[in-house]
Each structure stands twice: as structure tokens, then as C-alpha cells.
Amino acid sequence: MSDAEPRRQRTRTCVSCGINVSGTNAATFDCPECGHEIHRCPKCRKQSNLYQCPDCGFTGP
């Protein structure tokens, strides 16, 4: 028997602009305050757009 189960693709969205970043060169990191996983698209990273953690409200560049 195999434990191989079809993987469900998570929808990952940029926390700054909201676009789907699955399959792109997006940055993924943990929130410095609470550890929540944050995704940012390359455009928002390059422009240093602000982001806010959806869990704790931490804001960063």
C-alpha cells in the first residue's frame, strides 16, 4: 500500500496586493512577531510595499 495521496495545491496570495503567487518567484517567510507564514510577490518586494500580518497585525516594509 502506498501513502501517496494527491497533493492539494494551496492558494498563496501576496499579503500586500492580494495576487495569487503560486508558481511565481514570491518570497515566503514567517512573521517576525507571531510566526505566521507570509507570502509577497516580487513586485511588492521590489517596491518595498508595506505588508501587515493577518494574524497579529505586525507591519513591515
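## Surface and burial

The protein chain exposes about 4,800 Å², and carbon and sulfur atoms supply 45% of that. Accessible areas here come from the Shrake-Rupley method with a 1.4 Å probe, and for residues only the protein chains shown count as cover. Keep in mind that this is a predicted model: local features need pLDDT of at least 70, side-chain atom pairs count only at pLDDT 80 or more, and totals for chains, interfaces and linings use all residues. Residues are numbered from 1 along each chain as its sequence is written, and side-chain values use heavy atoms, with hydrogens and water left out.

How much of the chain is tucked away? Buried residues make up 21% of the 61 residues in the protein chain. The word "buried" means under 20% relative accessible area, "exposed" means over 50%, and "partly exposed" is in between (1.4 Å probe, protein chains only).

The predictor's confidence in each residue is called pLDDT, and it goes from 0 to 100. The protein chain averages a pLDDT of 86, and 84% of the residues score at least 70. Over residues 1-8, though, pLDDT stays under 50, and the model has 0 contacts beyond four places in sequence for them. A contact here means heavy atoms within 4.5 Å.

## The overall layout

What secondary structure does the protein chain have? It comes to 1 helix and 4 strands. Follow the sequence along and you get the pattern β-β-α-β-β. Helices (H or I, at least four residues) and strands (E, at least two) are DSSP runs, numbered from the N terminus.

Take the contacts between residues at least 6 apart in sequence: 26% of them join residues at least 24 apart.

## The hairpin

Strand 1 (residues 27-30) and strand 2 (residues 37-40) run antiparallel, and 4 bridges join them. Two strands pair if DSSP finds at least two bridges between them. Which residues face each other? T28 stands opposite H39 in strand 2, and F29 has I38 as its bridge partner in strand 2.

The hairpin has 6 residues between the strands, and G35 takes a positive phi near 90° in it. P32 is in the loop between strand 1 and strand 2 too. Is P32 buried or exposed? P32 counts as exposed because its relative accessibility is 54%. Leaving aside residues up to four places away in sequence, P32 touches Y51 and F58. The C-alpha atoms of P32 and G60 are separated by 9.3 Å, with the two residues 28 apart along the chain.

H39 has its place in strand 2. H39 is buried because its relative accessible area is 9%. The side chain of H39 makes a polar contact with the side chain of T28 (3.0 Å), and also one with the side chain of E37 (3.3 Å). A polar contact is a pair of N or O atoms within 3.5 Å; within protein, one must be able to donate a hydrogen and the other to accept it, and residues adjacent in sequence count only if both atoms are side-chain atoms. Not counting residues up to four places away in sequence, H39 touches R12, T13, C14, V15, V21, A27 and T28.

So what about V21? V21 sits in the segment before strand 1, and V21 is buried, with a relative accessible area of 0%. The C-alpha atoms of V21 and H39 are separated by 7.6 Å, although the residues are 18 apart along the chain. Beyond residues up to four places away in sequence, V21 touches R12, T13, C14, A26, H39 and C41.

How many disulfides does the structure hold? The structure holds 0 disulfides, where a disulfide is a pair of cysteine sulfur atoms within 2.5 Å. C34 is in no disulfide, and the nearest cysteine sulfur, that of C53, is 3.7 Å away. C34 is partly exposed, with a relative accessible area of 38%.

C44 is in no disulfide either, and the nearest cysteine sulfur to it, that of C41, is 3.6 Å away. C44 counts as buried because its relative accessibility is 4%.

Where is S48? S48 is found in the loop between helix 1 (42-46) and strand 3 (51-52). Phi of S48 is near 55°, a positive value in a residue other than glycine. S48 is partly exposed, with a relative accessible area of 48%.
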